[in-house]
Structures are given as structure tokens and as C-alpha cells.
Amino acid sequence: MSHAVLDICGLRCERDDRELFADFDLRIGAAEAVQLRGPNGAGKTTLLRCIAGMHPEYEGSIQLLGAPVAGERLLFVGHRPGISGLLTAADNLRWHLDLAGWHGAGDVVTAALTRVGLTGYDDVPCQQLSAGQQRRVALARLALPTAQVPLWLLDEPFTALDDAGLNLVSGLMADRLAGGGAILFTTHQPAPELPGLSTRWIGAAA
Amino acid sequence: MKYIPDALRRLWHRMGSPRWFYETTGPWVPWLAAAAALLIGVGTVWGLAYAPPDYLQGDSFRIIYIHVPAAYLAQAGYILMAICGVVLLVWRMKLADMVMATVAPIGAAFTFLALATGSIWGKPTWGTYWIWDARITSVLILLFLYLGIMGLRRAIERPEAAGRACAILAIVGVINIPIIKYSVDWWMTLHQPATFSVTSAPAMPAIMWVPLLLNVLGFNLLFAVSVIQGTRTEVLIRERRTRWVTDLCRGEQA
Amino acid sequence: MTPSAGSDPSLWVLFRGQLRRDLKLAFGQPSELANPLAFFVVVITLFPLGVSPEPGVLAGMAPGVLWIAALLATLLGLEALFRRDRDDGTLEQMVLRAQPLYLPVVARMLAHWMVTGAPLTLLAPLLGGMLNLAPEARLPLMLGLALGTPVLVLLGGVGAALTVGLRTGGVLLALLVLPLFVPVLILGVSAAELASSGLDPTGPLLWLAAGASFAITTVPFAIAAALRIGVETG
């Protein structure tokens, strides 16, 4: 039997003495995307953080390709951008490459910035960019070669983006799905058209 | 051959259960408390009233019957916290965290007691309440280490994270304690000739050291009973939402 | 420098990348770079004013004053060490992605030492001269600082990592790390004092070297473990 990319079984999670979810199961296979929906405070972000290993107070099992989750096999884009405002977009992306130990050839940083429509901004400190542009820098990580990992966890990837930005991100997501990756993301907006997309509700509304 | 490790492993797993700890230690508490009171009572009365005065310090030496056990438990308490820290980080045993949380204020209290008695003892010995003697300086730094751990635990809201943070700090601290102690001792030898060395009396007669031994044992039991009782309270607080605790409370109300 | 043959090049990339980023960040804000140094100088200026300008008195207390000022300046620089990284989410990316986390932590502490401990060490003999420190004590003072400040930065890094998500950071940080600084202070001051009274300072310096090697190899693990807690949902 082949393993699902992400396999969550019987997950129970508390936060501040309140049970967020119990008996939660979720399987995501290769080339599948799941949109996580639910009211504010339902635990969508907490679930993503549980999977990423940044919320240890849970019971149940979370497996990535049949093994415990390892940070280098997933890509996490959270509310915090993961981008330093004092550095340029290029420096920030270069650091993300280094962090993953990437030592391939080619100007992949410029390519990623071009992909998200930020050509020519590579030597401006990120804090001088607009909110939407900063968001694009954060999402340019999805266009780096180090983003070719089995699982993407995207928390509200579409906030602060214009229509063009939205298309851009859904394009990157579609590419990853075509490459056999799995994606779990949250959004309050209507989800973009993606192949293999399903919706999963958590919390009160069902 | 295989039987013993299995039994040990089962014991270890049971020890990890806060409920097991609560239920098992309950009957111990009154006995331990009574034994502690008896030993400390006999040791202290003997030490204060019947032991002969010291040939150099007269009656002022009698404070060792409190000072020595307190100073020893101050250090032992910190080591106990570090051991619990290792157990928490390696085996994720929640009970270890509860013990660690309980030991910090108790250990700090014994440290303070050691400092206070040392300082009172200093008055007749050195003519002043405070002197930067190596031993007393080390104990003062130990008190700071305790206060740091207590402050860190208070500052972190999630108890689970607070436990692991304190475990890391306690481990870093316990590695530092001997280094601090030896560096302070060495610093003293540089700055002044060894002052009056107090507990280097090898020829203490039995009538003087037996009460000290009784008090050391009694203080150990007092420390143990405080930690056990504190941990039991901590167990109830942390497990207040579990079935067995709510049942227990309901039973007491009925 | 190149990675030695047979080693995994990605480890070297990881270390170098973090070091480069942190140095760029540090040199991107010259004022933050200069503040601990200015603090160091100002604190030392206060002692002749507050205690005595008498050259003999100053010479006697110079090693202690220089070391305590260096200790406080180090402490001052520690508070912001991980805080901005936590706020902008780069810290959680580092904890999540870096494999092993030990390497970027070492790089981070090295970068921090290069902009705090190293300039303090270089500045110390000058200030020692102003405090009438015996000339033969200047080299032991510098060597002591060169070996001792990495230990201070590393131990302080544990405190900074443990308090990174907390509102009450500053004062608590001081309470956590200052007691741990005591052995370094004692050994560093002793080296300078021994030398100024014409004795051999090698002993305490060797102890400091031993402490520095031990701290460099072990303390980053504690920092890494503390950072993992720091990025958890708070």
C-alpha cells in the first residue's frame, strides 16, 4: 500500500484549555489540494501549525509519506511572512535557498522574482515595498527550486493580493499539483480553480 | 533475565502517570511529615540545649543545625530540578515537569534560609551580617538561579512550553553550578587569605554531630514531604479537566 | 574557505547563508551596531566620575570595571537578538527548515559576536589606558575578552532564545543570564589583575579557553532547543 502524502489520524488538539477539534482525520494524496474552511477561531491555523510541528500539544498521529513529519519535506507559509523587512527581496530569497542547503546553479532568485511580477525590485529593502508586494516576496518562495517538496501548507495565501496576484499564486499551486505535490491551504475567499481540489470544514459549521 | 527490565519498564510507565503518583503518595504524606517533625524536633532540641558549646565560637555555632541542612538541600533541590528537566525533555514525562515546578519555590526557600542563617551566623563570627565569603556568595548566586527559573515559568503562559523552557535553563544552570562554585572559591583565595573556616572541624564529638545528622535527615524528609504534597496539588491543578479529578472532587463534596 | 572534501556542501551553504544574512542585517542598521559600544564607553566614563579620578584607585579597579561594562554591553545587545526574527516569521522558517538547526544557530551567534564581542575586545585596551590599567595587563585583558565574550554571547543566547516570545523580556533576561556570567567575569578579571601585579595570567586564560571551547560545542544545542519552544504557537 502506498502512503498518502499527508495522513492525519484521530487528531485531538487543545488551545488555552479549549478543545479545538477531536477525532479529526484527513488524507491528502499526491496531486491533491485541500481547502480548509471554518469560522474564525475554529483552529485552521493551529491545525497547520500542528502539522508543521509548531504546536506540540496534540494527540493522534500525523504522518508525511508514512513517516513522522520532517520540516525539510514541507513548505510552510504562515501569517508571518518569513521575510525580513530590512533585507532586499533577493537577499531574503537567497537566504531561503541557503536554509534548505540548495547549491544548484542558475539565477533562480531572479527567476522567482520575475515569476511573481517583481522584476526590478531586487535591491529594494522589503519594508519599502507595499503590503501586496511584500506578500508577493513571501510567495516567491513557492517559485524557488527548494519549494519542490511533497507538501505545501499555506495559511491564507491570498490575503492582500490583487486579482493578478491571486492568479499567480493559483498558477504556482497548479504547477506544484502537476508535479505531484500535495497542498493544504486555508482561505476565506472563494477558492481558485485547481485540479484535484476538495474542501474540508472544521469547527462549528459543517 | 527478561523479567526484570520488563518490570522496571512497567514501573517507569506507571511513574509517568500523575494519577498513579497522586494515589500512591497520598498515604505516605502523614507518616513522612510525622517522621520529619520528630527528627527535626529531637535534633534541634539536642543541638540547641544539650550539645556542648564550641571551644572557639561558643554558642553561636549552634546555628549549623539549621544552616547546614538548608544549604545542602538548596543545592540538592537544584540538581533535582535539572534531573527532572532531563526526564521531561527525553521521555516527555509530564510528572517530571510537575515535580520541577514544585521544587523551584521550595528550593528557593531553603536557599534563602541558608543565606539568612549564614548571615546571622556571620554577626558573632565576623562582626558583620554580610561578608563576601566564598560559600555565601555561591549560595547567593544559587538563589538568583532559582529566581530566574521561577521568573521564567511565570512569564511563559503555556504550561507545557514553560516546563520545557525551565528544563533547558535548569540543565544549563546545573552544569554551571560547580563552575560557579569553584571560580568563586578560587576568587576568594586571590583576594583574601582564607577566613575562619567553620565546618572544617574533623574532630567534632558525637554529641555535636549526631544532632546534626538527625537534622539533616529530618530536613531531607521535610523537603521530600513538601515536594510530594506540592506535586500532588500541581497534579490536581493540571489534570483538573480529567475524569478522575472531577470524580475525586465530587466525592469530597458528597 | 571551501568545504572539506567529502563533507555535505549543503551544510556549508546553510552555515554561510545564515552568517551572510545576519551580517547584512547587522550592518544594515549602523545605529544598533554602535549602541552597545557607546554604552560600553559611557559606563566606563561614569566610574572616574562616580568613584574617584585618582590614577591609583582607577588602576586597581580597571579590570573589574572594564569587564562589568563589557558584560552589561553584551546583555544590552542580547534582547533584540531573536526578537525581530520571531516577529517577521524568519525564525520559524529557520527552525522548520534548517537541517540541522545547530549550524544556523552557530552562525547567528558568530555574527552577533563579530558585531558586539569583537569590537568590545578591540576597544578595551584603549579604555584600559584611560583607566590607567597597567600596560602589561592590556594583552591579558584583551585575550580574556576575546575568549570570554563568546561564552557570554552564547550563554546570553540561551536566555534570549528562552524569552523570545515574552512581553517581559528585558529584566527577566538579565536575571536569567547574569548569574551564569559569574565564572567568566571572575576568570577574566583575574587574568588582568594577575598580570598587573606582575604575576602569570596563563592559568585563568587557559580556563577561559577551555570554557569557550566547551560553550561553543554545547551551548548552541540549548539555544536551538529553546528556539523550538519560542516559535510554538504562543
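Two residues are in contact if their C-beta atoms, placed from the backbone, lie within 7 Å. The structure is a predicted model, in which local features need pLDDT of at least 70 and side-chain atom pairs count only at pLDDT 80 or more, while totals for chains, interfaces and linings use all residues. Residues are numbered from 1 along each chain as its sequence is written, and chains are lettered from A and ligands numbered from 1 in the order in which they are written.

**View 1. Helices α6 and α8 of chain C pack against each other.** Helices (H or I, at least four residues) and strands (E, at least two) are DSSP runs, numbered from the N terminus. Helix α6 (residues 102-115) and helix α8 (residues 138-162) of chain C pack at an angle of about 130°, and their axes are 10 Å apart. Axes are lines fitted to C-alpha atoms, for helices over the stretch in contact, and angles run from 0 to 180 degrees between N-to-C directions. From α6(C), M109(C), H112(C) and W113(C) meet T149(C), P150(C), V153(C), L154(C) and G157(C) of α8(C). This contact divides into five nonpolar, three polar and no charged residues; Ala, Val, Leu, Ile, Met, Phe, Trp, Tyr, Cys and Pro count as nonpolar, Asp, Glu, Lys and Arg as charged, and the others, Gly among them, as polar.

**View 2. An open sheet of four strands lies in chain A.** The strand order is β2-β1-β4-β5, and the pairing is antiparallel. Two strands pair if DSSP finds at least two bridges between them. The edge strands, β2 (18-28) and β5 (67-68) of chain A, each pair on one side only. Helix α1 (residues 44-52) of chain A packs on the sheet and touches β1, β2 and β4 of chain A, its direction making about 120° with that of β1(A). Strands β1 (residues 6-15) and β4 (residues 58-64) of chain A run antiparallel and are joined by six bridges. One residue of this pairing is R12(A), whose bridge partner in β4(A) is E59(A).

**View 3. A hairpin joins β4 and β5 of chain A.** These strands pair in the antiparallel sense over two bridges. L64(A) has A67(A) in β5(A) as its bridge partner. The hairpin has two residues between the strands, and L65(A) takes a positive phi near 50°.

**View 4. Chain A touches chain C.** The contact joins 26 residues of chain A to 26 residues of chain C. On the side of chain A, α1 and α2 (89-99) each supply at least two residues, and α2(A) gives the largest share, four residues. That side divides into twelve nonpolar, nine polar and five charged residues.

**View 5. Helix α2 of chain A packs on helix α1 of chain C.** The angle between α2(A) and α1(C) (residues 9-27) is about 150°, with the axes 8 Å apart. That makes α2(A) roughly antiparallel to α1(C), the term for angles over 145 degrees. D91(A), W95(A), D98(A) and L99(A) in α2(A) meet V13(C), L14(C), R16(C), G17(C), Q18(C), R21(C) and K24(C) in α1(C). By class, four residues of this contact are nonpolar, two polar and five charged.

**View 6. Chain B touches chain C.** Chain B gives 22 residues to the contact and chain C gives 19 residues. The largest share of the chain B side, 13 residues, comes from α7(B). That side has 17 nonpolar, four polar and one charged residues.

Definitions and conventions. Angles under 35 degrees count as roughly parallel, over 145 as roughly antiparallel, 65 to 115 as roughly perpendicular and the rest as oblique.
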